[in-house]
Amino acid sequence: NKQNIMDTTDSAHRSRKHHATLQDVLAKNIPITKREDIKIFNGDLRDVLVRQAMDYSQRGIDSCTEGSYDKGLEMFEKALALIPGDPSLYGLKGDALCGMGKTEEALKNYDKALLLDPTQEIVYQNKGILLINLERFEEAHDSLASLTTINSASSEGHRLKGCALQSLGKLPDALRSFSRAIQWEPDMALLYYHRGSVSQQMMDIEAAVADYAESIRLDPYFSPSYLTTGILLDE
């Protein structure tokens with residue numbers, strides 16, 4: 001325990017000395033290959049680096065949440081300097097770059113994250129959203145299909161995949177994707193609106209009105225369904 005480890009004044013002094021040395025090393029951002037000879041009296045260097053990186057990462061997330069994407073990017077890069085090759089940090093860096101409007105750099109970082117760890121659901125999702133916004137629907141579909149393959153119960157993955165398929169004009173496939181999303185999240189009004197819009201495009205007006213009505217039942221303040229239902233009934 002801590003008392004046994006630091007049971008003399010001399011050992012306590014050595015601990016403070018090594019801790020100060022570590023802080024100097026971190027502040028100077030010396031590459032990790034040059035830190036191998038540093039001994040920490042009461043802990044492991046790797047653990048300290050990870051804790052420091054986690055602190056930078058959380059500060060980066062907080063900055064991005066506040067809309068300070070450039071500050072978030074700075075924090076994620078500092079974290080990566082401490083633990084290079086961490087896949088989640090590349091995903092977070094991609095999010096920050098996306099918020100800054102640097103879409104191609106964001107995509108490169110998403111791809112790097114997935115190369116290092118191809119099971120990151122949130123990275124597939126955020127990459128898919130970005131590609132939809134860029135109107136690169138085939139690529140978006142591929143990313144979101146990877147997500148739903150990893151997690152077939154991802155309602156948001158099926159929803160976004162449905163959006164990509166609808167934009168590609170693959171309406172039967174889009175209908176199936178929205179139905180799968182509803183299967184996993186049956187109380188979300190937005191999903192019925194999506195499925196209703198596909199049915200409307202397929203000229204199945206009865207099914208469309210039924211889905212719009214269900215979305216209104218679930219959320220009486222969901223105005224898109226009111227507007228679309230009114231137009232259909234007027235016709």
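Helix axes are lines fitted to C-alpha atoms over the stretch in contact, and angles run from 0 to 180 degrees between N-to-C directions. The model is predicted, with pLDDT of at least 70 needed for local features and 80 or more for side-chain atom pairs, while totals for chains, interfaces and linings use all residues. Residues are numbered from 1 along each chain as its sequence is written, and side-chain values use heavy atoms, leaving out hydrogens and water.

**Exercise 1.** Work out how helix 10 and helix 11 pack.

Solution.
- Start with the elements: helices are DSSP runs (H or I, at least four residues), strands likewise (E, at least two), numbered from the N terminus. The protein chain has 13 helices and 0 strands.
- Next, the geometry: helix 10 and helix 11 (residues 189-201) pack at about 160°, their axes 9 Å apart.
- Helix 10 is therefore roughly antiparallel to helix 11, a label for angles over 145 degrees.
- Finally, look at the contact (heavy atoms within 4.5 Å). Among the residues that meet are Phe-178 in helix 10 and Tyr-192 in helix 11.

**Exercise 2.** Describe the largest nonpolar core and one of its residues with the most contacts.

Solution.
- Recall the term: such a core is a set of buried Ala, Val, Leu, Ile, Met, Phe, Trp, Tyr and Cys residues joined through side-chain atoms within 4.5 Å. Buried means under 20% relative accessible area, with a 1.4 Å probe and protein chains only.
- The largest core has 38 residues, and Ile-132 is among those with the most contacts inside it. Helix 4 gives the largest share, 6 residues.
- Beyond neighbours within four places in sequence, Ile-132 touches residues including Phe-137, Leu-144 and Cys-163.

Notes:
Buried means under 20% relative accessible area, exposed over 50%, partly exposed in between (1.4 Å probe, protein chains only). Angles under 35 degrees count as roughly parallel, over 145 as roughly antiparallel, 65 to 115 as roughly perpendicular and the rest as oblique.
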